[in-house]
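This briefing covers helix packing, sheets and domains, in that order. Please look at the structure first.

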Amino acid sequence: MKDTYFLPLGGTGEIGMNLNLYGYGESDNADWIMVDCGVTFSQSGLPGIDLQMPDPTFIASQKENLKGVILTHAHEDHIGAMPFIWPYFDCPIYTTQFTATLLIEKFNEHNIDYENKLKILSEGDIIKISSFEIMAIGLTHSIPEMNALLIKTPSANIFHTGDWKIDNDPLVGDGFNSKDLLNFNDLKIDTMVCDSTNAIVPGRSGSELEVKESLDKIIGEIDGRIFISTFASNVARLYSIAESAAKHDRHVVLSGRGMHRIVNAAKSVGILKGLPEFVDEEDAGYLPAEKTLILCTGSQGEYRAALSKIARDQHQHIVAEKGDTVIFSSKIIPGNESGILNLQNLFAKKGVNIITGKDEFIHVSGHPCQDELLEMFSLIKPTSIIPVHGEFRHLTANASLAEANGIKKSLVIENGTMVKVSKNDIVIETEVENGRLYKDGKIIVYDYESPSNERSKLSQTGLIIVSLVLVNNKIKGKPVIKTFGIPEFDKDGIRFDDWVMQALNNVLGSKNKGGNLESKIRNSIVRQIKSIWGKKPKVEIIFN
Ligand SMILES: [Zn+2]
Ligand SMILES: [Zn+2]
């Protein structure tokens, strides 16, 4: 018997790296579609790992069954893994023009041939892939052209919300349109797979128009140079800031690759029309401070981003001076706190004024708070809900909110849980293999085989390498001892190298010559160093 399945491989139980699968057929032999294929930016704990993404082994092991990828919008947590995962499948990709523009840029960067595979989708389009009929429904979010998906199979109707909020004045694109959604009531939605990011936040997320009005007031009152850092992908915010700059007789300078990339993508689809031209970074130095507004990347304190370079006086063309103002028109993504505070300290040291969300109303979230979730529940009236796009505290809050407001059933699941969706019910079918892929420099590795754990250990305890020649169990010549990340002297001024030598001689001078000499030497050195340092370094012995 054929059934409909939902299976998240990323983004459920975490915020980031979204990858959702929908299947129709038998649980072990179904046709699948993939909705989104995103990354998570590595924060702490994994040295040298640039990006993390979902492990697609479940679907990769049956790649002929993946019939297409649909991308809801262009945020990195939804499209960032495409250059690394999609080439293996080489199936059709469906997305809007704006998202496609940013995707193509990624594919070009990685020399990926996508010819004839990319199908451009517009709001309201209905596409048929295998037994799936999918309709794209425009919803407001913090990036242009975000589409929810109405996914119909012969056995179920699913509303996949994607990332959304209710914004009646999004400034870019159409406002939230509840009328379109009301039409689905006749259809009966069996389950809603729903964004949970702000499910613990009461009230509403607020509108871009309100942010615009507040920012405009702030910009009008500042004298010196203004730096504004925001998420580059928030085109509406860029638009608001650029309009306000023009009104207050300031030229807008774009700084940072992310800013240029988004502005180009927006212009290519006709967004950001009617604004004065942006000034190139190279020309920023010629503008008087009071006529300058610099839009830059780096709101999360990223070391290599424009704002950090400016703070460190390492930007080629742009300087910040006493009396200038930096506005952080963004939220702090958990994990980035110390980087952001360091950055703010650098500006404070220069006498630059700092305005953050704590001081003024300068940012709204792109995700629904509780009142918006309630409004969506009553518009869509799903029989059940599967919360996604959140950590467990967000997922459970979304589920409780739904059940307290008339939705019959909710399932809080995690990555790798396959759910059977039928007309009246959602039930857990099985668990499948899941995990993460790490981008380590130019190489992609499975989490379980990543050398980052070893790097992490080395960073705590260092490494000692001993290279020696043994003849008849006696050292010939002088052993070479190299240490990395080990202190040079103990508290009495004795060199660590001498302690290593002593540990070596203890083993070679001992009467008991049996057993594995290499491990005896290693254990002796580890013991010796631990007794004087209190830490166990990694020790490697090389016999020549
Ligand atoms: Zn997202
Ligand atoms: Zn998003």
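Within what distance do the axes of helix α4 and helix α8 come, and at what angle do they cross? The axes of α4 (residues 97-109) and α8 (residues 257-268) come within 9 Å and cross at roughly 135 degrees. The model is predicted: local features need pLDDT of at least 70, side-chain atom pairs count only at pLDDT 80 or more, and totals for chains, interfaces and linings use all residues. Residues are numbered from 1 along each chain as its sequence is written, and chains are lettered from A and ligands numbered from 1 in the order in which they are written.

**Helix pairs**

- Helices (H or I, at least four residues) and strands (E, at least two) are DSSP runs numbered from the N terminus; axes are lines fitted to C-alpha atoms, for helices over the stretch in contact, with angles from 0 to 180 degrees between N-to-C directions.
- The angle between α4 and α8 makes α4 oblique to α8 (under 35 degrees is roughly parallel, over 145 roughly antiparallel, 65 to 115 roughly perpendicular, the rest oblique).
- The crossing of α4 and α8 is right-handed (the near helix is turned clockwise from the far one by less than a right angle).
- F98, T101, L102 and E105 of α4 meet R261, A265 and S268 of α8 (contact means C-beta atoms, placed from the backbone, within 7 Å).
- Helix α6 (residues 208-221) and helix α7 (residues 235-247) have axes that come within 9 Å and cross at roughly 35 degrees, and this crossing too is right-handed.
- Among the α6 residues that meet α7 are V211, L215 and I219, and among their α7 counterparts are A236, I241 and A245.

**Sheets**

- An open sheet of 4 strands has the order β4-β5-β23-β24 with antiparallel pairing (two strands pair if DSSP finds at least two bridges between them).
- β4 (40-41) and β24 (443-446) are at the edges with a single partner strand each, so one side of each has no neighbour in the sheet.
- β4 is joined to β5 (residues 51-54) by 2 bridges, and F41 has L51 as its bridge partner.
- A second open sheet, of 3 strands in the order β26-β25-β27, has mixed pairing, with β26 (474-484) and β27 (538-543) as its edge strands.
- β25 (residues 463-471) runs antiparallel to β26, with 8 bridges between them, and L470 stands opposite I475.
- Helix α14 (residues 496-509) packs on this sheet, touching β25 and β26, and its direction makes about 140 degrees with that of β26.

**Domains**

- The protein is divided into domain 1 (3-203 + 365-449), domain 2 (208-355) and domain 3 (462-543), with bounds from an automatic or database domain assignment.
- The centres of domain 1 and domain 3, taken over C-alpha atoms, are separated by 54 Å.

How values were computed. Two residues are in contact if their C-beta atoms, placed from the backbone, lie within 7 Å.
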